[in-house]
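Below is a plain report on selected features of one protein chain. The structure comes first, and the text follows.

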Amino acid sequence: MSFRYQQLASELQQQIEQGHYVCGERLPGVRELAKVRSLSVSTVVAGYRQLEADGYVQASHRSGYFVKSRFQPPPLSKDLTPKSQLPEQVSGQHMALSLSKAAADSGYTRLGAAVPAARFLPQHALQKAMQQVIKMQPARLMQYEASRGAIELRTEIAKRMALQGAVVSPQDVIITNGCQEALMLSLKALTVPGDIVAIESPAFYGLLQALEAAGLQALTLPTDPQTGVVPEALEQALQRWPVKACVLISNFSNPLGSLMPKINKKRIVAALSAKGIALIEDDTYGDLGFAVPRPASCFALAPQADIFYCGTFSKTISPDLRLGWVIAPKQTAKLEYLKFISNISTAALPQLAVANLLKSGQYERHLRQVRGQYQLALSRISHQIGRLFPAGTRVSQPQGGFVLWVELPPAVDGYLLAQQAMAQHISIAPGAIFSPTAAAGRAEFSHFIRLNCAVEPDARLERALATLAQLCNEQLLKKGLD
């Protein structure tokens with residue numbers, strides 16, 4: 001004899017196995033299903049929990065229950081980088097330009113650049129906010145904004161920082177043209193050409209571009225796929241090399257999606273502080289974690305340390321607004337001057353519009369919705385990789401953000417795959433561009449790729465993933481014949 005919740009779970013399980021519900025699809029809401037099936041809410045909840053325990057569904061905070069992948073590929077190998085590295089001049093980041101061009105071309109299936117599709121962004125709310133600014137403050141848009149940025153936006157950012165445990169003054173917030181400029185200003189404030197900068201590995205190619213442009217050497221650090229930079233490795237590197245700065249993405253790194261534990265964050269900041277070395281913290285994806293509460297930043301955990309905190313709205317509101325910021329209370333005056341001589345100021349219209357979104361609470365409401373959407377998007381593409389790609393393929397297990405780091409069989413050349421995919425109007429990011437030595441022909445991650453999962457979940461995406469899998473298999477077949 002089975003209970004009613006068990007009968008419900010069995011029926012739903014059968015529907016999932018028959019394809020009535022596909023990976024990533026949301027099951028009916030608890031109250032909705034209870035009403036349709038004339039069951040109590042507690043019975044439906046028990047049925048869903050049974051499905052969750054059996055591995056058929058996963059619960060998403062405040063979003064409901066979703067069909068779980070039955071083809072989950074194995075996680076990444078632990079040893080992604082050599083145990084010891086030498087500082088190296090950064091080169092060969094030109095491939096990133098082709099990714100940027102493809103990201104703007106609607107003829108491509110855009111899996112390369114980490115740019116969210118419009119469906120993941122608050123389009124209508126942003127449009128209304130801009131219209132309101134144009135109507136209410138037209139004169140403000142006819143002059144240069146202050147170099148530090150609009151006080152309205154700086155105030156709202158300071159409020160959000162306080163909610164994260166970092167108390168800062170609006171006067172210490174410098175608005176930048178995206179997080180890329182925030183990183184570049186921070187590097188200019190701390191280094192001169194030839195200096196050594198410690199970074200995680202694999203590293204965001206935008207950071208590598210900034211290092212290349214500044215003539216800096218990159219010292220890559222062993223990085224765990226789940227927990228980020230290994231503290232012991234950083235401590236050993238600081239003993240051996242005259243490091244002038246360290247750049248890390250502590251929350252949901254790009255491309256790994258790793259989340260650094262709080263104890264590791266504190267240990268890394270302490271090691272840098274003991275040597276008088278500043279940390280540049282890129283928190284681009286901090287607002288996009290799948291669990292609550294939001295993870296703390298290094299900046300919030302060590303308010304007295306020399307930390308340059310860099311953030312952006314490019315991944316949460318709109319990439320084209322080019323709105324980021326940097327906060328470094330000990331270096332505010334220097335950063336303001338560097339911003340001024342770089343481009344005077346950032347445009348007022350996007351600043352004031354985003355300030356309105358933050359002040360009205362619409363930004364936080366959007367985040368609550370989109371976090372679950374990103375988690376489902378990652379699950380959906382991970383499922384397809386497990387189903388289609390050759391044996392030996394592994395993927396990252398992101399805890400936030402929307403990118404997947406994919407480890408292909410060693411015989412697959414990720415750079416060649418990217419070129420072959422481009423010919424099919426599919427853009428992907430080859431693993432080589434996440435290494436400082438891409439141009440030297442000895443880049444790490446040659447059999448890796450990064451995929452942007454914040455794309456439309458349609459037949460075009462299905463075809464693109466099937467094509468990538470086919471191209472991988474063709475490479476393997478050719479290597480086997482050779």
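Arg 371 counts as buried, because its relative accessibility of 14% falls under the 20% cut-off. The model is a predicted one. Arg 371 forms a salt bridge with Glu 364, with 3.9 Å between the closest N and O atoms. Glu 364 is partly exposed, at a relative accessible area of 26%.

Glu 364 also meets the side chain of Arg 160 in a salt bridge, at 2.9 Å from N to O. This pair links distant parts of the chain: Glu 364 belongs to helix H14 (residues 362-388) and Arg 160 to helix H6 (residues 151-163), 204 residues apart. Arg 160 is buried, with a relative accessible area of 17%. Which residues make up the network of salt bridges around these side chains? The linked residues are Arg 160, Asp 283, Asp 287, Arg 294, Glu 364 and Arg 371. Side chains of opposite charge can pair when their charged atoms come close.

A search of the whole structure finds 15 salt bridges. One further pair is Arg 267 with Glu 235, whose side chains meet at 2.7 Å, N to O. Arg 267 is partly exposed at 34% relative accessibility, and Glu 235 is partly exposed with a relative accessible area of 26%.

| Salt bridge | N to O distance |
|---|---|
| Glu 364 and Arg 160 | 2.9 Å |
| Arg 267 and Glu 235 | 2.7 Å |
| Glu 364 and Arg 371 | 3.9 Å |

The next topic is helix packing. Two packed helices are described by the angle between their axes and the distance between the axes. Helix H7 (residues 178-190) packs with H8 at an angle of about 40°, and the two axes are 10 Å apart. H7 and H8 are therefore oblique to each other. In passing H8, H7 makes a right-handed crossing. Helix H8 spans residues 205-214, and its buried residues are Tyr 205, Gly 206, Leu 207, Leu 208, Ala 210 and Leu 211. Just after H8, Gly 215 takes a positive phi of about 70°.

A positive phi is also found outside glycine. Ser 38 is not a glycine, yet has a positive phi of about 55°. Ser 38 lies in the loop between helix H2 (30-37) and helix H3 (41-53). Is Ser 38 buried or exposed? Ser 38 is exposed, with a relative accessible area of 58%. Ile 344 is another residue other than glycine with a positive phi, near 70°. Ile 344 is placed in the loop between H12 and H13, and is partly exposed with a relative accessible area of 29%.

Helix H12 covers residues 332-343 and contains Tyr 337. Tyr 337 is exposed, at a relative accessible area of 52%. Together with Phe 340 and Ile 341, Tyr 337 forms a nonpolar patch on the surface, and the three have about 340 Å² of accessible area together. An α-helix has 3.6 residues a turn, so residues three or four places apart point the same way.

Helix H13 (residues 348-360) holds Lys 359. Lys 359 counts as exposed, at 66% relative accessibility. From Lys 359 to Ala 113 the C-alpha separation is 30 Å, and the two residues are 246 apart in sequence.

Where does Asp 105 lie? Asp 105 is found in the loop between helix H4 (95-103) and strand S4 (109-110). Asp 105 counts as partly exposed at 32% relative accessibility. Asp 105 and Phe 120 are 15 residues apart along the chain, and 18 Å separates their C-alpha atoms.

Two cis peptide bonds remain to be described. One joins Asn 254 and Pro 255, with omega about 25°. Pro 255 is in the loop between strand S10 (243-248) and H10. Another cis peptide bond joins Val 292 and Pro 293, with omega about 0°. Pro 293 is in the loop between strand S11 (278-282) and helix H11 (298-301).

Conventions: Residues numbered from 1 in each chain as written. Predicted model: local features only at pLDDT ≥ 70, side-chain atom pairs only at ≥ 80, totals over all residues. Heavy atoms only, no water. Patch = residues over 30% accessible without salt bridge, like charges linked within 9 Å, V, L, I, M, F, W, Y side chains within 5 Å. Areas by Shrake-Rupley, 256 points an atom, 1.4 Å probe, with all protein chains shown as cover. Salt bridge = Lys/Arg side-chain N within 4 Å of Asp/Glu carboxyl O. Helix = DSSP H or I, 4+ residues; strand = E, 2+ residues; numbered from the N terminus. Buried < 20%, exposed > 50% of the residue type's maximum accessible area, 1.4 Å probe, protein only. Axes fitted to C-alpha atoms, helices over the stretch in contact; angles between N-to-C directions. Parallel < 35°, antiparallel > 145°, perpendicular 65-115°, else oblique. Left-handed = near helix turned anticlockwise from the far one by under 90°.
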